[in-house]
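Trainee: Could we go through this one together? I'd like to begin with the aromatic rings and then move on to the helices.

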Amino acid sequence: MIRLILRDFEKIVCALLFLSMTALGFVNVVVRYGTNLSFAATEELLVNGFLLLTVFGAALAARRGEHLAVTMVHDLLPRPLWLPVFLISVALSVSLLAFSAWFSWEAMMNIRRVGMRSYGLGLPAWYYQAALPFGFGLIIIRYLQYSWEALRAGPNRIVPHV
């Protein structure tokens, strides 16, 4: 069970997020058209849910090798150049993701420092931001997992067409 959760963590999170967001949006529409009232926090929850869905979906894509991939360059490279170019691309991708994790951590700490609150529910706004550094870290881990498998398979591996 633990192995399943570790392997498919992003899938589980994305499925739960999407199901929750769909249910919340549906309930809001029914209440709005049935009673002429609306849940004020729905927009806040859905926007932040989309943000989380994007980050965890990117982790899922990175694990499959479908994220940050430009296959045209890969397909045109002569075999001796494949490894150095692949390693450079991995280093640059991981650097970009690490910078994104660091920047989102700093943004979260800044929001926490100033005490900003969300407009709909009045929660501390950094609650919504907290998953971003974790999400970018997860994307790094999943991208490195894919890169390791790609290195073991070599230049003849099948690159997914996205």
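Trainee: Which residues do the ring pairs link into a cluster?
Mentor: In this predicted model, ring pairs join Phe9, Phe56 and Phe134 into a cluster. The structure holds eight aromatic pairs, and one of them is formed by Phe56 and Phe134, a tilted pair with 6.2 Å centre to centre and 50° between the planes. That pair links distant parts of the chain, since Phe56 belongs to helix 3 (residues 42-64) and Phe134 to helix 7, 78 residues apart.

Trainee: And is Phe56 buried or exposed?
Mentor: Phe56 counts as buried because its relative accessibility is 5%, under the 20% cut-off, whereas Phe134, at 45%, counts as partly exposed.

Trainee: What kind of pair do the rings of Trp126 and Tyr127 make?
Mentor: Their planes are at 80° and their centres 4.9 Å apart, so the pair is edge-to-face. Trp126 is partly exposed, with a relative accessible area of 24%, and Tyr127 is partly exposed at 44%. Arg112 also lies over the face of Trp126, at 4.8 Å from the ring centre.

Trainee: Switching to another arginine, where does Arg142 lie?
Mentor: Arg142 lies in helix 7 (residues 131-153), and it is buried, with a relative accessible area of 6%. Leaving aside residues up to four places away in sequence, Arg142 touches Leu6, Arg7, Phe9, Glu10, Ala59, Ala62 and Arg63. Glu10 is itself among the buried residues of helix 2.

Trainee: Why does the span of helix 2 agree with what you'd expect?
Mentor: Helix 2 (residues 9-35) has 27 residues, which at 1.5 Å a residue should span 39 Å, and its end C-alpha atoms are 38 Å apart, so the two values agree. Helix 2 is followed by Asn36, whose phi is positive, near 70°.

Trainee: How many residues does helix 5 have?
Mentor: Helix 5 (residues 79-114) has 36 residues, and from first C-alpha to last it reaches 53 Å, close to the expected 52 Å. Its buried residues include Trp82, Phe86, Val90, Leu97 and Met108, and Gly115, with a positive phi near 75°, follows the helix.

Trainee: Where is the confidence lowest and highest?
Mentor: Confidence is lowest in helix 4 (residues 71-76), at a mean pLDDT of 71, and highest in helix 5, at 91, while the chain averages 85.

Trainee: Last one: where does UniProt place the transmembrane region feature?
Mentor: The unreviewed UniProt entry places it at residues 12-33, 45-62, 82-105 and 125-144. In the model, residues 12-33 are 100% helix, and residues 125-144 are 90% helix.

Technical notes: Residues numbered from 1 in each chain as written. Predicted model: local features only at pLDDT ≥ 70, side-chain atom pairs only at ≥ 80, totals over all residues. Heavy atoms only, no water. Helix = DSSP H or I, 4+ residues; strand = E, 2+ residues; numbered from the N terminus. Expected span 1.5 Å × (residues − 1). Buried < 20%, exposed > 50% of the residue type's maximum accessible area, 1.4 Å probe, protein only. Contact = heavy atoms within 4.5 Å. pLDDT = per-residue confidence, 0-100. UniProt positions renumbered as here; feature names shortened; annotations may be inferred. Phe/Tyr/Trp six-rings, centres within 6.5 Å; stacked < 30°, edge-to-face > 60°. Lys NZ or Arg CZ within 6 Å of the ring centre and 35° of its normal.
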